[in-house]
Amino acid sequence: MTTDRPMSEYESALFESVRVLTSVILDLGVKRESLMERLTEVKADAEAMGRNNAAATIDHLLRSISSSPNYTPR
């Protein structure tokens, strides 16, 4: 899944901030599987609403926090 354009400087900064916060949340003990399950639901909702760029961005976040190097999103 890809977006229709690269992220802007601002979007990229926001995404990186969310990625760092997500890794801190995981370090604090939140179950990775639970977090990924919720993000997968958000991604599915975005896809259902036709928000392909949002779904692709969430997919990118899912890949970044996956413990498996071969993670394949649903």
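Contact here means heavy atoms within 4.5 Å. The structure is a predicted model, where local features need pLDDT of at least 70, side-chain atom pairs count only at pLDDT 80 or more, and totals for chains, interfaces and linings use all residues. Residues are numbered from 1 along each chain as its sequence is written, and side-chain values use heavy atoms, with hydrogens and water left out.

I'll start with Ala46. It lies in helix 2; helices are DSSP runs of H or I, at least four residues, numbered from the N terminus. Is Ala46 buried or exposed? Ala46 counts as buried because its relative accessibility is 2%, and buried means under 20% relative accessible area with a 1.4 Å probe, protein chains only.

Ile58 brings us to the core. A nonpolar core is a set of buried Ala, Val, Leu, Ile, Met, Phe, Trp, Tyr and Cys residues joined through side-chain atoms within 4.5 Å. The largest one has nine residues, among them Phe15, Leu26, Ile58 and Ile65. Helix 1 (9-27), helix 2 (32-48) and helix 3 (52-65) each give two or more residues to this core. Which helix gives the most? Helix 3 does, with four residues.

Last, Leu26, one of the core residues. Apart from neighbours within four places in sequence, Leu26 is in contact with Lys31, Arg32, Leu35 and Ile65. Leu35 and Ile65 also belong to the core.

How values were computed. Buried means under 20% relative accessible area, exposed over 50%, partly exposed in between (1.4 Å probe, protein chains only).
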